[in-house]
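Colleague: Please take a close look at one part of this model, the open sheet and the side chains around it. I would like one connected account.

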Amino acid sequence: EYGIDMSQHKSYDDIYKDFAPLQIWRNMPALPGSVDAINSLVEKGYDVRCLTSMPPAYEEDRLYNLQTLGFKINKVYAVDRKTARAQGIDNPKLQVIKDTQAIAFIDDLMKNFTECEGVQTKLYWLDHQHPEADNPNIGYDTSHVIRVTSLKEFADIFPKIN
């Protein structure tokens, strides 16, 4: 998508080296409907933050990207899955979820809900309904998450609080 020849890379570290000069973290497109859905939550009085798996060195680039796209988000938490694995942590997002005491967490990858059973945060899985042959969520236990099929559906769950 960004003109990077993936066959030349041995690891994500190699890929991220090519990302830097392209400023990909500053130029990612928004998913259809995502700006309106997230901003509707902010307008209802919620403090919406972005928790993403990416190199923390590019956290400010991602915040710039989201704000440029029109998201009313003022904080990005970037967690590095590779560093976490080296420390024996399967889910690097879990600690941020616990530390922020978020009322809700939404993600489209079930692996980001591992070890989240029992947290006070309500967990929402954004099911993009991938074809089975290309579905990264096959084989995960979904019993502890609430399934939604769009960010609008997710945003509509929450009442106005201000």
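Modeller: What follows goes from the strands to a loop residue and then to the aromatic rings.

The model is predicted. The open sheet has three strands in the order β3-β4-β5, and their pairing is parallel. Its edge strands are β3 (104–107) and β5 (146–148), each of which pairs on one side only. On average, neighbouring strands are turned by 25° against each other, direction ignored. Between β4 (residues 122–126) and β5 there are three bridges in the parallel sense. Trp-125 stands opposite Arg-147 in β5.

The loop between β3 and β4 holds Thr-121. Thr-121 counts as buried because its relative accessibility is 6%, under the 20% cut-off. A polar atom of the Thr-121 side chain lies 2.6 Å from the backbone oxygen of Ala-102. Leaving aside residues up to four places away in sequence, Thr-121 touches Ile-97, Gln-101, Ala-102, Ile-103, Ala-104 and Phe-105.

As for the rings, six aromatic pairs are counted. In one of them, Tyr-124 and Phe-154 have ring centres 5.0 Å apart and planes at 70°, so this pair is edge-to-face. Tyr-124 lies in strand β4 and Phe-154 in helix α6 (residues 151–157), so the pair ties together parts that are 30 residues apart in sequence. Both Tyr-124 and Phe-154 are buried. The rings of Phe-154 and Phe-158 are also edge-to-face, because their centres are 5.1 Å apart and their planes are at 70°. Phe-158 is buried as well. Together with Tyr-46, the residues Tyr-124, Phe-154 and Phe-158 form one aromatic cluster.

Note on methods
Residues are numbered from 1 along each chain as its sequence is written. This is a predicted model: local features need pLDDT of at least 70, side-chain atom pairs count only at pLDDT 80 or more; totals for chains, interfaces and linings use all residues. Side-chain values use heavy atoms; hydrogens and water are left out. Two strands pair if DSSP finds at least two bridges between them. Helices (H or I, at least four residues) and strands (E, at least two) are DSSP runs, numbered from the N terminus. Axes are lines fitted to C-alpha atoms, for helices over the stretch in contact, and angles run from 0 to 180 degrees between N-to-C directions. Buried means under 20% relative accessible area, exposed over 50%, partly exposed in between (1.4 Å probe, protein chains only). A polar contact is a pair of N or O atoms within 3.5 Å; within protein, one must be able to donate a hydrogen and the other to accept it, and residues adjacent in sequence count only if both atoms are side-chain atoms. Contact means heavy atoms within 4.5 Å. Rings of Phe, Tyr and Trp (its six-membered ring) pair if their centres lie within 6.5 Å; planes under 30 degrees apart count as stacked, over 60 as edge-to-face and the rest as tilted.
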